[in-house]
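Hello, and thanks for taking a look at this one with me. Here are my notes, point by point, to read beside the coordinates.

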Amino acid sequence: MSLFIWILLFSLLGGVLSVLAAALFLLIPGFTRDRLLPHFVSFAIGALLGAAFLALLPHALAGTDDFHLLGMTVLLGVLGFFLLEKMVLWRHCHHEVCEAHTPEPHAHNNDNAAGTLILIGDGVHNFVDGVLIAAAFMTDIHLGIVTALAVAAHEIPQEVGDFAVLLQSGFSKRKAFVYNVLASLTTLIGAGLAYFSLADMQQALPYVLAVAASSFIYIAVADLIPGLHKRVEFSQTVQQIALILLGVVVIYLAHSTLH
């Protein structure tokens with residue numbers, strides 16, 4: 001199977017299939033879904049941090065001798081994603097009420113403004129995910145698979161939150177599903193453009209991997225971990241740590257087994 005087909009298939013996994021999985025997840029009764037979603041988020045944190053520190057950064061370091069420039073790339077990447085989030089183009093919603101896109105808690109926004117912001121942000125985010133998945137595959141097929149798995153791990157709870165915000169914004173269930181699928185297709189666009197633009201720029205791949213690592217680190221630390229701090233009970237903290245470690249272990253085993 002050609003490298004381009006690998007990239008398209010796993011970009012599809014990180015994009016469209018994540019939306020389908022989130023849509024199926026929404027069929028679960030609300031009480032059960034609310035209990036399960038924080039566990040998915042904890043697992044996603046571990047998967048993202050594991051992919052960043054155990055897979056992406058080691059490959060990036062192996063591809064260049066300029067470690068200072070690579071470190072600067074990671075730093076600028078984190079700051080860049082912070083700016084994107086300030087522009088409300090990157091915000092991840094993992095709950096039914098998203099403070100970034102809903103002006104008032106539980107408010108029903110009939111003008112679709114919040115839903116439109118969600119779709120724009122989702123499109124930008126998925127496009128970048130596609131670029132990062134393609135760059136990982138162009139470095140090493142096994143790294144690409146691990147990167148796509150990490151993307152899917154955090155995309156599913158994010159899409160559940162996005163669906164909720166779209167419905168609160170006045171979208172019908174059908175429209176919310178269709179527009180979410182369309183926004184997810186930008187993953188394929190980003191992957192395709194990256195494949196053809198990076199084909200003759202192998203020296204740039206380590207730095208794209210560094211940006212991928214900074215994306216995963218930022219999402220885990222800035223978007224996901226703060227939500228866990230809202231649950232302070234000891235038993236829940238133990239569950240969170242266990243699931244984060246499980247996410248790390250899954251990525252570690254996937255990466256080591258594939259190699």
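Predicted model: local features only at pLDDT ≥ 70, side-chain atom pairs only at ≥ 80, totals over all residues.

1. Let me begin with one tyrosine. Y218 counts as buried because its relative accessibility is 8%, under the 20% cut-off. Its place is in helix 9.

2. The mean pLDDT of the protein chain is 86, with 89% of its residues at 70 or more. Residues 99-110 are the stretch to handle with care, as the pLDDT there is below 50. In the model this stretch still has 24 contacts beyond near neighbours in sequence.

3. On the overall fold, the protein chain has 10 helices and 0 strands. Read from the N terminus, the order of elements is α-α-α-α-α-α-α-α-α-α. Of the contacts between residues at least 6 apart in sequence, 84% join residues at least 24 apart. As for burial, 49% of the 259 residues count as buried.

4. Which residues have the most contacts inside the largest nonpolar core? They are L48, L56, L198, L209, F216 and L224, in a core of 50 residues. Helices that each supply at least two residues to this core include helix 1 (3-14), helix 4 (67-86), helix 5 (113-139), helix 6 (141-168) and helix 8 (186-198). Helix 9 (205-228) is another of these suppliers, and with 14 residues it gives the most to this core. A second, separate core has 15 residues, among them V16, V19, A22 and V160. As general background, nonpolar side chains tend to be buried together in soluble globular proteins.

5. N180 is a polar residue to look at next. It lies in helix 7, which covers residues 173-184. N180 counts as buried because its relative accessibility is 0%, against a cut-off of 20%. Leaving aside residues up to four places away in sequence, N180 touches V19, L119, D122, E159, D162, F163 and L166. One of these, V19, is also a member of the second core.

6. T186 sits in helix 8 and counts as buried, with 18% relative accessibility. With residues up to four places away in sequence set aside, its contacts are D122, G123, N126 and F127.

7. Finally, the surface. The protein chain exposes about 12,000 Å², and carbon and sulfur atoms supply 72% of that area. Where is there a nonpolar patch? F53, L54, V249, Y252 and L253 make one of about 470 Å². Helix 3 (30-62) and helix 10 (234-258) each bring at least two residues to the patch, and helix 10 has the largest share, 3 residues. Y252 is in helix 10 and is partly exposed, with a relative accessible area of 48%.

Definitions and conventions: Residues numbered from 1 in each chain as written. Heavy atoms only, no water. Helix = DSSP H or I, 4+ residues; strand = E, 2+ residues; numbered from the N terminus. Buried < 20%, exposed > 50% of the residue type's maximum accessible area, 1.4 Å probe, protein only. Contact = heavy atoms within 4.5 Å. Patch = residues over 30% accessible without salt bridge, like charges linked within 9 Å, V, L, I, M, F, W, Y side chains within 5 Å. Areas by Shrake-Rupley, 256 points an atom, 1.4 Å probe, with all protein chains shown as cover. Salt bridge = Lys/Arg side-chain N within 4 Å of Asp/Glu carboxyl O. pLDDT = per-residue confidence, 0-100. Core = buried A, V, L, I, M, F, W, Y, C linked by side-chain atoms within 4.5 Å.
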